[in-house]
Structure formats: structure tokens, C-alpha cells
Amino acid sequence: MSKKKQSINYLDLIPQRAETLRWHTDEATGLITLEVENTTQVHLDETGSYLWPLIDGQKTVADLAECMKQQFGEKAEPLYPRIIKYFQIVESYHFIKFLNQ
């Protein structure tokens, strides 16, 4: 018997930032830069920079999507595919982990 792969509902997941990852906000632009292993910098765009400080290990992806919708309105659309892709990418680089996965 083969196991059926359970589909993941990203909206129910609770992301938490990696504890070892350092980051700072550029005061002039408000954009966030992640410092990876003291040698590489990853610059987040406007929406990524807005979401990053909100990732607190308590809010679900759905909660964060609602925050993003309130902040950016129509500019955030397509909201759910966009936010899910964001979390897939930052998780793939181990910048976050999901507490309930």
C-alpha cells in the first residue's frame, strides 16, 4: 500500500523566523536585509520587508495575509498565491520554519 501524500494548507501554518538569522531595516527605505552566515545579504522587497517583522511564531500565514491585505490593498493581489510563494521561498532557504508542520 502506498501512502497518500497529505496536502499542506499553507494558510494554517505558523511561521517562525530562524533564531540564528540576523537582519536589519534600512532606515531610509524601510527595506529589510537578512544577513546569512555573515557573508551573504538577502534584500527583501517592500512586501517581504513588511511581512518579515510580523513573523512571530504565533500568527498563521492566513493572519499575515490579512495584515498584508490591510497594508497594501489591491497592490497585494494576487494575495494568497503571492504570500504562499514567499513562505515557500524563505522556508527553502531555512530563513523560517513552520511550528505546526
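Pro 78 sits in the loop between H2 and H3, and the peptide bond that joins Glu 77 to Pro 78 is cis, with omega at about 0°. The model is a predicted one, and the values given here are computed from it.

**Fold and dimensions**

The protein has three helices and five strands, and along the sequence these elements follow the pattern β-β-β-β-α-α-α-β. Taken along the principal axes, the C-alpha atoms fill a box of roughly 55 × 35 × 20 Å. Among contacts with a separation of 6 or more, 54% are between residues 24 or more positions apart. The accessible surface comes to about 7,100 Å², and carbon and sulfur atoms account for 49% of that area, while buried residues make up 33% of the 101 residues. As for charge, the mean position of the 11 positive charges and that of the 14 negative charges are 9 Å apart.

**Aromatic pairs**

The count of aromatic pairs in the protein is six. In one of them, the rings of Trp 23 and Trp 52 have centres 6.4 Å apart and planes at 85°, and because an angle over 60 degrees counts as edge-to-face, the pair is placed in that class. This pair links distant parts of the chain, for Trp 23 belongs to strand S2 (residues 22–25) and Trp 52 to the loop between helix H1 (46–51) and helix H2 (61–72), 29 residues apart. Trp 23 is partly exposed, with a relative accessible area of 30%, whereas Trp 52 has 0% relative accessibility and counts as buried. The rings of Tyr 86 and Phe 87 also form an edge-to-face pair, with their centres 5.1 Å apart and their planes at 85°, and both of these residues are buried.

In soluble globular proteins, nonpolar side chains tend to be buried together. The largest nonpolar core of this protein has 24 residues, of which Trp 52, Ile 83, Tyr 86 and Phe 87 touch the most other members. Two or more residues of this core come from each of strand S3 (32–36), H2, helix H3 (79–92) and strand S5 (96–98). Leaving aside residues up to four places away in sequence, Tyr 86 touches Leu 44, Gly 48, Leu 51, Trp 52 and Ile 55.

**Residues with some exposure**

His 94 lies in the loop between H3 and S5, and although His 94 is not a glycine, its phi is positive, at about 65°. Gln 71, by contrast in location, is found in helix H2, and the C-alpha atoms of Gln 71 and Thr 47 are 9.3 Å apart in space, with the two residues 24 apart in sequence. The table sets out relative accessibility for residues discussed above.

| Residue | Relative accessible area | Class |
|---|---|---|
| Trp 23 | 30% | partly exposed |
| Trp 52 | 0% | buried |
| Gln 71 | 47% | partly exposed |
| His 94 | 64% | exposed |

The class of His 94 follows from the cut-off, because a relative accessible area over 50% counts as exposed and His 94 has 64%.

Notes
Residues numbered from 1 in each chain as written. Predicted model: local features only at pLDDT ≥ 70, side-chain atom pairs only at ≥ 80, totals over all residues. Heavy atoms only, no water. Phe/Tyr/Trp six-rings, centres within 6.5 Å; stacked < 30°, edge-to-face > 60°. Helix = DSSP H or I, 4+ residues; strand = E, 2+ residues; numbered from the N terminus. Buried < 20%, exposed > 50% of the residue type's maximum accessible area, 1.4 Å probe, protein only. Contact = heavy atoms within 4.5 Å. Areas by Shrake-Rupley, 256 points an atom, 1.4 Å probe, with all protein chains shown as cover. Lys, Arg positive; Asp, Glu negative; His and termini not counted. Charge placed at Lys NZ, Arg CZ, Asp CG, Glu CD. Core = buried A, V, L, I, M, F, W, Y, C linked by side-chain atoms within 4.5 Å.
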